[in-house]
Amino acid sequence: MERPYTVSLDLYRGAAYTPYARTKYRVLAESELDACSLAERNLNTQLDDIEYAAATDAHPIWKPDPAVSAVEVASAA
């Protein structure tokens, strides 16, 4: 099941050791690793030839509440 993730990315230019900028990107993905990969791929197509993005972390925008069972949610609706 896909869910929305917010991915933090560092932007690099050339062979620099430190990023010149930092940004966030939202994607729909099945896991955090997929979200990082997808965000990097999408952002790299928008950057100049000598620039690239590297994902640092990904966080789901929402998580299902583990304390509420699926039966309770279905009966509440």
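Predicted model: local features only at pLDDT ≥ 70, side-chain atom pairs only at ≥ 80, totals over all residues.
Q: What makes the side chains of Arg13 and Glu51 a salt bridge?
A: Arg13 and Glu51 meet through their side chains at 2.9 Å, N to O. The cut-off for a salt bridge is 4 Å between a side-chain nitrogen of Lys or Arg and a carboxyl oxygen of Asp or Glu, so the pair qualifies. Arg13 sits in strand 1 and Glu51 in strand 3, 38 residues apart, and the pair thus links distant parts of the chain.

Q: Why is Arg13 called partly exposed, and what is Glu51 called?
A: Arg13 has a relative accessibility of 40%. Glu51 comes out at 12%. Buried means under 20%, so Glu51 counts as buried.

Q: How many salt bridges are there by this rule, and what makes Asp10 and Arg22 one of them?
A: The count is two. The side chains of Asp10 and Arg22 meet at 2.6 Å, N to O, and the limit is 4 Å, so they form a salt bridge. Asp10 is in strand 1 and Arg22 in strand 2, so the pair ties together parts that are 12 residues apart in sequence.

Q: How do you know whether Asp10 is buried or exposed, and what about Arg22?
A: Asp10 has a relative accessible area of 6%. The limit for buried is under 20%, so Asp10 is buried. Arg22 reaches 63%. Exposed means over 50%, so Arg22 is exposed.

Q: What makes the rings of Tyr12 and Tyr52 an aromatic pair, and what kind is it?
A: The ring centres of Tyr12 and Tyr52 are 5.3 Å apart, with 15 degrees between the planes. Centres must lie within 6.5 Å, and planes under 30 degrees apart count as stacked, so this is a stacked aromatic pair. The structure holds one aromatic pair. Tyr12 lies in strand 1 and Tyr52 in strand 3, 40 residues apart, and the pair links these distant parts of the chain.

Q: Which accessibility class does Tyr12 fall into, and which does Tyr52?
A: Tyr12 has a relative accessible area of 14%, which is under the 20% limit, so Tyr12 is buried. Tyr52 has 34%, which lies between 20% and 50%, so Tyr52 is partly exposed.

Q: How do you know that strand 1 pairs with strand 3 and with strand 2?
A: Nine bridges join strand 1 (residues 3-13) to strand 3, and the two run antiparallel. Strand 1 and strand 2 also pair in the antiparallel sense, over nine bridges. Pairing needs at least two bridges, so both pairs of strands pass. Among the bridge partners in strand 3 are His59 for Thr6 and Ala58 for Val7.

Q: Why are strand 2 and strand 3 called edge strands?
A: The three strands form an open, antiparallel sheet in the order 2-1-3. Strand 2 (21-29) and strand 3 (51-60) each pair on one side only. On average, neighbouring strands in this sheet are turned by 30 degrees against each other, direction ignored.

Q: What makes strand 1 mostly covered?
A: Of its 11 residues, nine are buried.

Q: Where does helix 1 lie?
A: Helix 1 (residues 32-44) lies across strand 1, strand 2 and strand 3, and runs at about 150 degrees to strand 3.

Q: Which residues have the most contacts inside the largest nonpolar core, and which elements supply it?
A: That core has 13 residues, and Tyr5, Val7 and Ala35 have the most contacts inside it. Strand 1, strand 2, helix 1 and strand 3 each supply at least two of its residues. Leaving aside neighbours within four places in sequence, the residues in contact with Tyr5 include Tyr25, Val27, Ala35 and Ala58. As background, nonpolar side chains tend to be buried together in soluble globular proteins.

Q: How far apart are Glu2 and Glu30 in sequence and in space?
A: They are 28 residues apart in sequence and 4.4 Å apart in space, C-alpha to C-alpha. Glu2 lies in the segment before strand 1. Beyond neighbours within four places in sequence, Glu2 is in contact with Leu28, Ala29 and Glu30. The relative accessible area of Glu2 is 48%, which is between 20% and 50%, so Glu2 is partly exposed.

Conventions. Residues numbered from 1 in each chain as written. Heavy atoms only, no water. Helix = DSSP H or I, 4+ residues; strand = E, 2+ residues; numbered from the N terminus. Axes fitted to C-alpha atoms, helices over the stretch in contact; angles between N-to-C directions. Contact = heavy atoms within 4.5 Å. Core = buried A, V, L, I, M, F, W, Y, C linked by side-chain atoms within 4.5 Å. Buried < 20%, exposed > 50% of the residue type's maximum accessible area, 1.4 Å probe, protein only. Phe/Tyr/Trp six-rings, centres within 6.5 Å; stacked < 30°, edge-to-face > 60°.
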